[in-house]
Amino acid sequence: MEIIKTVKEIQKRSDMIRRSGKTIAFVPTMGFLHEGHLSLMREGRNRCDDVVISIFVNPTQFGPGEDLESYPRSFERDCELAEKQGVNAIFAPNEKELYGKNFQTYVKLEDLPNHLCGISRPVHFRGVATVVTKLFNIVKPHFAIFGQKDYQQVAVIRQMVKDLNFDIEIVGHPTVRETDGLAMSSRNSYLTPDQRVSALSLYASLKKAQTLLENGITDAAEIIRAASELITSHPGTAIDYITICDPETLADMETISKPALMALAVKVGKTRVIDNMILDIPGSQR
Ligand code: AMP
């Protein structure tokens with residue numbers, strides 16, 4: 001497995017692989033890898049001849065006061081884990097390599113970032129869209145694999161790829177959970193044992209919502225109320241948002257008459273935890 005730190009080098013490598021007629025799968029990450037990340041790499045391995053991942057904690061997607069400095073890092077361990085999944089190359093630039101002096105071009109979507117996480121993280125999706133654009137131009141993949149755990153992120157990337165005509169297929173991969181249901185996340189390492197128990201209320205509230213829907217409750221406000229009550233009954237939780245919305249536009253839904261996205265963000269102590277699920281009406285056709 002190659003470890004590459006410069007843009008020039010990885011571009012040259014990708015050009016060679018493309019010239020030889022091989023396909024490239026790409027998995028962008030911020031490192032501190034867990035089973036969720038590794039499942040994306042295996043998905044890439046199944047689809048393509050060559051798998052490239054990036055490890056880069058992207059400063060432009062963090063707002064002031066967020067956890068850029070404290071974001072967990074474990075480069076050596078990440079390399080070992082990636083190699084075991086059959087990854088061919090890791091692109092791990094430093095900040096200077098990606099955002100040189102006088103950087104001034106950003107990619108900003110008009111509507112999708114005005115929902116869900118984008119409301120309390122106003123610069124986040126501009127940072128994500130910008131760095132993913134740069135990484136696409138650098139790694140030149142045929143496929144790029146993203147986790148549905150960050151549902152809005154996948155929606156933003158799909159829209160951007162369509163709007164800007166990137167010749168790349170975006171693959172959304174299901175959320176990988178711990179055995180007790182907690183969605184895996186590098187940020188889970190911030191949680192104390194008690195906070196981790198409180199964080200289980202996110203998945204519990206999603207499952208409860210699905211049960212309510214199956215029992216005939218289609219009023220989104222009523223389901224959101226029940227989910228909020230469940231979450232706030234756990235110590236140390238503060239809800240950022242709970243939304244039931246159209247899975248494509250992310251616009252709020254009042255009544256669930258077709259599959260709907262339920263997404264939520266909750267502060268557990270100082271850690272922001274997110275999760276989501278598609279709520280499905282029993283017997284409905286997707
Ligand atoms: P991150 O390192 O948090 O930026 O995540 C890198 C990629 O891994 C993104 O596409 C995430 O959506 C994906 N990812 C993170 N956690 C999970 C998970 N629990 N299950 C599936 N994919 C995940």
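Asparagine 165 sits in the loop between helix H7 (151-163) and S6. Helices (H or I, at least four residues) and strands (E, at least two) are DSSP runs, numbered from the N terminus. The model is predicted: local features need pLDDT of at least 70, side-chain atom pairs count only at pLDDT 80 or more, and totals for chains, interfaces and linings use all residues. Residues are numbered from 1 along each chain as its sequence is written, and side-chain values use heavy atoms, with hydrogens and water left out.

Asparagine 165 is not a glycine, yet its phi is positive, at about 60°. Its relative accessibility is 65%, so asparagine 165 counts as exposed. The cut-offs are under 20% relative accessible area for buried and over 50% for exposed, with partly exposed in between (1.4 Å probe, protein chains only). Leucine 250 also has a positive phi, near 65°, and is a residue other than glycine. Leucine 250 belongs to the loop between strand S7 (237-245) and strand S8 (260-268). At 0% relative accessibility, leucine 250 counts as buried.

Strand S5 (residues 143-147) is largely enclosed by the rest of the structure, because five of its five residues are buried. Phe143, Ile145 and Gly147 point one way from S5. Ala144 and Phe146 point the other way. Pairing of two strands requires at least two bridges found by DSSP. S5 pairs with strand S2 (residues 24-29) in the parallel sense, over two bridges. Here phenylalanine 26 is opposite alanine 144 of S5. S5 also runs parallel to strand S6 (residues 169-173), joined by five bridges. Alanine 144 stands opposite isoleucine 170 in S6.

The protein chain as a whole contains nine helices and nine strands. Its radius of gyration is 19 Å, which agrees with the value near 19 Å for a compact globule of 286 residues. That radius is taken over C-alpha atoms, and the globule rule is 2.2 Å times the number of residues to the power 0.38. The C-alpha trace spans about 55 × 40 × 40 Å along its principal axes. Of the 286 residues, 54% count as buried. Among contacts with a separation of 6 or more, 72% involve residues 24 or more positions apart. A contact means heavy atoms within 4.5 Å.

The protein chain exposes about 13,900 Å², and carbon and sulfur atoms supply 49% of this area. Accessible areas come from the Shrake-Rupley method with a 1.4 Å probe; for residues, only the protein chains shown count as cover.
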